[in-house]
Amino acid sequence: MKRALVAALAVMLVLAPVVPFAAVGPAAAAPAGMATIPDANVAEDVPDGETLALSASELKGGVLASDHADSLEVILTTADHAPTVMDGDTASVTGDGMAVVLRDDTESAGREVALDAGKLQEALGYRPQAIHGTHEDGSEWTASAEYVDGYLVFDVPHFSDNTVTFSGRVDVSLDSATSGTTATWELSDYDAASNVTINTTGVTNSETQSVTGTGGSSGHSDSLSVSGTQDPTGPDGSGAPVISLDVTGGGPTVDTAYASGSNSAPLYGAKNGNPIESSFLHSNPPDAISGVSVSGGRFNGVPTGTIDIYVDTGPIDGTKTDGILVASGVEMQDSPATYNFDQVVDASNADQVHVSFVTKQVDQSDHYVYAFADTGSASETAFTATTGDSYNGYIQGGLEAATADNVVVSTDDGASADFGTITGSGHSQAIDFGLDTSSISVESTNNATIDYQVSYDVFVDTQDPVVELNGNSTTVHSGTLADGETATATIPKEQLQEGTNTLNLSLGDGSLSADAPEMRANLEASHEASDKISVGYSATTFEESYNVSHTYAAETSDAQVTIPFESSRVVGVKNVEYQIDGGGWQRVGADNYRFDGTTVDIYVSDAVGGAVPAGSTVDVRATGRKMSVGNGAVTITDPTAPHEELDTQLRIDERSEGFHVNVGPTDDGDRVHYSYSDVFPTEDYVVIDATGAQKMYLPNSKTGDTFRVKHLETRVVAEQGDVRIDVVEPGENPELDVSPGPGGDGDPVTVEYYNTESGVTYLLNSLARSIVVDSDVANSPAIFEDDDSEDTWQILRDSGTSDSDSGGVVGQFRERAGATVGSISTPSGVGGGQLLLLGLLGIGGIVAFRRLEPFGGRGVAAGERAAQRAGSGTLSGLQGLLGYMGKVVSVVASNRRASVATGVVAAIVAARVGLFQLPDGVGILIVVSGVPIASYLVLRRSDAVSQRVWLASTIVAVVLGLEFVAPGTIQTAIEQLTSEQVAPLLILVGAGGLYLWYRARQSDRPVFNVVTRRD
């Protein structure tokens, strides 16, 4: 949003009268703390046929701003044309009809603006006392005009609106969608939408399939059809398909020792009305048993009914139903008979097995089937039946072995698997056939019965995805999308519509077989829904706060609010909160917002834990801070508005050791800050480092205390390291205690003093060392240099001194003497004239007394006589006093020394009370020069005149006098005399003086003249 205001310079001057502009000269130094706007930012926009009293070229270099000078545009135009320049805003202007539009497209903070007053004088001819302007929102403002250093300075009020962006993304997600899947969503504001992005990701859909059959004979073949879009793999999704074989019958019979006798052994049926249960033993079973065969005959015919058959890997023990039930409810067969088992019995670890026939149901009372039996060894029972028939031999029968020889499996596309000879079940091998396979064969050389099962995974990839949005088709990708591969298409915004939007997905070309897995894809359709709104916000010196609201028409994922804090000095976020549909404010966790630069992005969806429901109203409030707090927390209880004099109150909510408030990032963070409190003695100090941080420490504070913060018009810059500053006196002549910061001593420090008047010399005094540390002629600001050594600084205005006087030993002495003399105060109630009279009377009286007393007290006597002649009473006393004063004046006038002394003292007193001003250094010169004169007179009066004594006493008196008048002079003189520049010369002078002294001593020796005479 474009920020603009109109400042009408020749306009509606109703707040103060128009004053002639003649007193304003050309602009001199720039006002304190202001920067010149680049020439490229000063322009004019004048309608055809009209002219301005002041052109842009004349104003270039003469416009300044306190903040954001680089981004501020200055446009000179006519009053009528100003609204057009401001993009529709208006300005109320009169007078010459000239307007100045101040426009800033990036920074909307208020600021001070200065214009060259001399150039305005030439253009307008008068001096406005008030500035009237109009903000771009139509609100009017008025600012008083100030004239500083040749510039017209006025304050442009702070803008209180900013652009906050509510952003989100309408996402339509179709996970593992099949062809024909449809999605719908609502769009309330077509203008807030963007183009639709379609991301289609390939999904490989798979399933495990199997084919079963029975083979084993020579020439066997079954059909095998593989579905999908790629070759099959093993059932675990890798490797080749797997075929499993189970030999279920058809192998050789392993006989018992064949009985040849004519004895009959009843097997099943009924004998004498009783159902028969029988068992026979086989002591050498095959590894896998798939059936049993018996040979014999029948008694009275073949019985009808059913039997169960059991196989037990152990000896005959009389229990017929132990073991494995291998055939259940099978029809009785005539002998010879063969029964195939329902399952193959593994007898590979058995030395013997026995087979039991259990008659379950029989229709006749005396019909049964028997086997031929022979008597054998008596050591074992080979056969037993419930009829009481038992033989110590064997029956004529055997066990069917489940064995297949030379088994080979093959497919028509050339894949094969060779099993060799196998017995029983559980035989598997991989067979690597492909998508084009159509048949499979399982063969064995002994024509065994073999059951097989082929198991494999089939796969279907995403192919040819097409989307249709509101009846408009868009091909996302042609061909196959591998699993995880994404194709993107952009659908123009024009296919969207306010209201319901419908999206349909189509996959493939319809050629996929019916038994194949369904073709699937992951689809995401999304478009942005950003709403930029202009909102009001509140700003103080230390904080900036927003409270914004937005309603989401559709369910919105990634809902986000972006707040660009207006001030470039915001360094952190105090709090972020949200609520949905007025359900109560909730704090947004630090993980769910990001502060970068001066912008905070609030991830509402993350804070909510999902998408924002359709129709929901989201309120967000956030506060940014231009200060930071270390080892504690504070609340601002009484803020200061921007561009007002700082006086902010804070409450300490939490604190621990090292608690501090960093005010460096605030609007005036480069000024020295200090605190005061009615609750506790603050004893505060700040530590300023080279990064610009200014940490205010309050070591004796506690939780719950309140304190207020102000700042000086003084800036202290640590050129490197850091410096500690304690504001002792914040008045017009600030007094600062300075000491090294935690980083150590020896760091250079620059002091900038802004409460100045251009062209005036200002002094940085050291109160601890009683010297002038540095001086500067103010050019907004006055700049001094020192270091962070322990000291106490005071900044003073140097009235009536030249810049050169403050340098060297003489200048420093002058400052010390001036400070000391300046500390002498006039007694209360005594005016300057009274002080002068008192001084003259006192001095004159002393001189007269000293003059008259040595002559026998004639002065006292004369006074007494004058009093007697004058009479008594008050009048007499006054006459006596006047007479005495006349005598004093007469005596003083008659004595040259007394007259000179009285005149000198009177001049000093008159200068002190301000009757006139002595030239710089004259008072000091009088004091110093008076010492040797006085000492000479004393020696002369005492008849003890000696050049050596007079010289020594004079030197001592002068040195002591100087040290008394200006403490530290001796130390300074020593420092100067021992400097690298002076020390060699001092040594040379000292050597010459020593030599002259030696020659003088030689000349003072007495000379004895010896005179001899002759008688």
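**Figure 1. Surroundings of isoleucine 725 in the predicted model.** Isoleucine 725 is in contact with Val672, Tyr685, Val686, Ile688, Val716, Leu736, Asp737, Val738 and Trp793, leaving aside neighbours within four places in sequence. The model shown here and in the other views is predicted. Ile725 also belongs to the largest nonpolar core, which has 38 residues. Within that core, Phe707 and Ile725 touch the most other members. Strand S61, residues 706–718, supplies the largest share of this core, with five residues. In soluble globular proteins, nonpolar side chains tend to be buried together.

**Figure 2. An open sheet of six strands.** The strand order is S28-S27-S30-S24-S32-S33. Pairing in this sheet is antiparallel. Strand S28 (324–331) and strand S33 (390–391) stand at the edges. Each has a single partner strand, so one side of each is left without a neighbour in the sheet. Inside the order, strand S24 (residues 277–282) is joined to strand S32 (residues 383–385) by three bridges. These two strands run antiparallel. Serine 279 has threonine 384, in S32, as its bridge partner.

**Figure 3. An open sheet of four strands.** Here the order is S15-S46-S42-S43, again with antiparallel pairing. Strand S15 (182–187) and strand S43 (472–475) are the edge strands. Each of them pairs on one side only. From one strand to the next, the twist averages 20 degrees. Strand S42 (residues 466–469) pairs with strand S46 (residues 499–506) over four bridges, in the antiparallel sense. Glutamate 468 has asparagine 504, in S46, as its bridge partner.

**Figure 4. Strand S50 and its pairing with strand S54.** Strand S50 spans residues 557–564. Six of its eight residues are buried, so S50 is largely enclosed by the rest of the structure. Five bridges connect S50 with strand S54 (residues 599–603). The two strands run antiparallel. Proline 564 stands opposite threonine 599 in S54.

**Figure 5. Asparagine 41, a loop residue.** Asparagine 41 sits in the loop between strand S3 (35–36) and strand S4 (42–45). Its relative accessible area is 17%. Buried means under 20%, so asparagine 41 counts as buried. A polar atom of the asparagine 41 side chain lies 2.9 Å from the backbone oxygen of aspartate 70. Asparagine 41 is also in contact with Ala69, Ser71, Leu72, Glu73 and Val74, among the residues left once neighbours within four places in sequence are set aside.

**Figure 6. Methionine 627, in the loop between strands S55 and S56.** Strand S55 covers 617–625, and strand S56 covers 628–638. Methionine 627 has a relative accessibility of 2% and counts as buried. Not counting residues up to four places away in sequence, methionine 627 touches Phe542, Val571, Val634, Ile636, Leu650, Val661, Asn662 and Thr666. Methionine 627 and threonine 666 are 39 residues apart along the chain. Their C-alpha atoms are separated by 5.9 Å.

Notes
Residues are numbered from 1 along each chain as its sequence is written. This is a predicted model: local features need pLDDT of at least 70, side-chain atom pairs count only at pLDDT 80 or more; totals for chains, interfaces and linings use all residues. Side-chain values use heavy atoms; hydrogens and water are left out. A nonpolar core is a set of buried Ala, Val, Leu, Ile, Met, Phe, Trp, Tyr and Cys residues joined through side-chain atoms within 4.5 Å. Buried means under 20% relative accessible area, exposed over 50%, partly exposed in between (1.4 Å probe, protein chains only). Contact means heavy atoms within 4.5 Å. Two strands pair if DSSP finds at least two bridges between them. A polar contact is a pair of N or O atoms within 3.5 Å; within protein, one must be able to donate a hydrogen and the other to accept it, and residues adjacent in sequence count only if both atoms are side-chain atoms. Axes are lines fitted to C-alpha atoms, for helices over the stretch in contact, and angles run from 0 to 180 degrees between N-to-C directions.
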